[in-house]
Amino acid sequence: MRQESTNKITALYVRLSNDDEREGESNSIVNQKKMLSEYAKTHSMRNTKFYIDDGISGTTFKRKGFQAMLTDIEAGLVGTVIVKDMSRFGRDYLQVGLYTDIMFPEHSIHFIAINDGVDSEKGENELTPIRNLFNEFYSRDTSKKIRAVFKAKGMSGIPLATIPPYGYVKDPENPNKWLVDEIAGNIVKRMFQLCIDGYGPSQIARILREDRVLTPTHYAHSQGRKPRSKLSHDPYHWNYHAVADTLEKQEYIGHTVNFRTQVKSFKDKRSIHRDKKDWVIFENTHEAIVEQSVFDTVQSLRQHKRRPTKQNELPLFSGLLYCADCGQKLYFCRGKSVSRNQENYICSSYRRRTVTCSAHYIRSVVLEELVATNLRKTMATIQANEQAFFQAVFKGDQQARRKQAEKEQKQLNIAQKRMAELDAIFPQLYEDMVNGRINAERFDKLSSTYEDEQALLKQQVMDATQEIQTELDVNAYIRELRKFVRKHINFKTLTPELLHELIDKIIIHEGKQIEVHYKFGLGDLASLVDQIA
């Protein structure tokens, strides 16, 4: 035969995709190899070589094994190509025809598809084009069904990601549920904190590299899990994109985000990013790694740094300003023809004319100066009169804390009283069953109900006890407050993270008068400063 005379390779091509596995064992790699080997042996075809693609769709020809075979064909090393059937070769009607009708004849390739009766040396098989077309129809129909299942799964709130984001692992008992990976989760928390501290993604990546923190791929590999991508040469080579992507993922505040990407078509498997408005988000589906306030601050910082023009900048006081008269938020007003010095805030009710209210107009630069002055005065006074400051804070705060503790104590007393009643009910209930006043089924139902109630009450007692202890633990509160204040004592400029960490809200009065309400139960720091001074 020609194969023997030329001593060229007999290429035995084998392919299996995930979809093909549904058809049963007949399409397995092992069975395909066995069939092709026996065929070659029976027909005295020697110098055989396998080219294998496992888990690759037939709609694409960018397959490692297939491309290796094409390289050998173009180099003149191959004389014969054998496949189990035309669907193993490919499921794209036009592409299959390009290879079998044009390329193979140009390179004098003897092409055989065993089960379809295709043998190029025996002449053209009229059914081959029809088979190729039906193979493509099969892929199109399968893709359509998979997309339908995929959409139904995604719309039900089940995560579509096959591998959870860095920081999470799949629950061994429920693969659709994510659990926090403590080690990786702490790295994620650190990345968010570094961003709040003023570091950008490139700087954070550099810090992680210097601290020899394993990249997500290498970390997954070290834990015996399947990594998302191939292992890089440097296990500590964090890059800008990985950090930026982490800082933007809503999964870290406990949400499931589905349909971020989509595949162009059943022939083109490349993923394309969808518009954010087309994402489907399910809130609070798993444990959060970072708090909502931390996440929001980071998003504000990231948006502010990304946008180069004033028209796209995030307002410094976004979400903090409220009208003293109607209680609505203030709008930030700017325009292309408005200078930085003229940018201003006005009452949203006044702007929309929904209620009778005045403008409460205040220029941004004026507000920045007022708030910065208030903060600097407050911080300087605290630094010079720390003891007096904390005494002033607690003078007004202890009463509120004591009232809250008393409220919690009342709830605790009610829960403890009910638990004592349940303790008395159980023996009586058992006695009623023994004496025949209630049957066993009724006893089981009632006892189960009471046990559930008692378990809930025990948890309420534990929570209330802890809350009371927290309210009355003045020393712990002082330590936390000192730590919080000292962190910001020497601030230089106003930043979104500084404002959002310190300030709860700012009330704007007519005449450019403001009230700054701070977090941590500090009340109005400005008035406290005046009292101390």
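## Helix H5

Helix H5 covers residues 93–106, and its 14 residues should span 20 Å at 1.5 Å a residue; the end C-alpha atoms lie 19 Å apart, which agrees. The expected span is 1.5 Å times one less than the number of residues. Helices (H or I, at least four residues) and strands (E, at least two) are DSSP runs numbered from the N terminus.

H5 carries a kink of about 25° centred on Tyr99, where the bend is the angle between axes fitted to the seven residues ending at a residue and the seven starting there. Tyr99 is also one of the buried residues of H5, together with Val96, Gly97, Thr100, Met103 and Phe104. Buried denotes under 20% relative accessible area, exposed over 50%, and partly exposed in between (1.4 Å probe, protein chains only). Just after H5, Ser108 adopts a positive phi of about 55°.

## Basis of the model

The model is predicted: local features need pLDDT of at least 70 and side-chain atom pairs count only at pLDDT 80 or more, while totals for chains, interfaces and linings use all residues. Residues are numbered from 1 along each chain as its sequence is written, and side-chain values use heavy atoms, with hydrogens and water left out.

## The five-stranded sheet

Five strands form an open sheet in the order S2-S1-S3-S4-S5, with mixed pairing. Strands S2 (48–54) and S5 (118–119) stand at the edges, each with a single partner strand, so one side of each has no neighbour in the sheet. Two strands pair if DSSP finds at least two bridges between them.

S1 (residues 9–16) and S3 (residues 78–83) run parallel and are joined by four bridges; Ala11 stands opposite Val81 in S3. Helix H2 (residues 29–42) lies across S1, S2, S3, S4 (110–113) and S5, running at about 155° to S1. This angle is taken between N-to-C directions on a scale from 0 to 180 degrees, with axes fitted to C-alpha atoms, for helices over the stretch in contact. Contact means heavy atoms within 4.5 Å.

## Pairing around S16

S16 (residues 503–508) pairs with S12 (residues 321–323) in parallel through three bridges, and Leu321 stands opposite Ile506 in S16. With S17 (residues 514–518), S16 pairs in the antiparallel sense over five bridges; here Ile503 stands opposite Tyr518. S16 and S17 form a hairpin with five residues between them, and Gly511 in the turn has a positive phi of about 85°.

## The chain as a whole

The protein chain contains 18 helices and 17 strands. Of its 533 residues, 40% count as buried.
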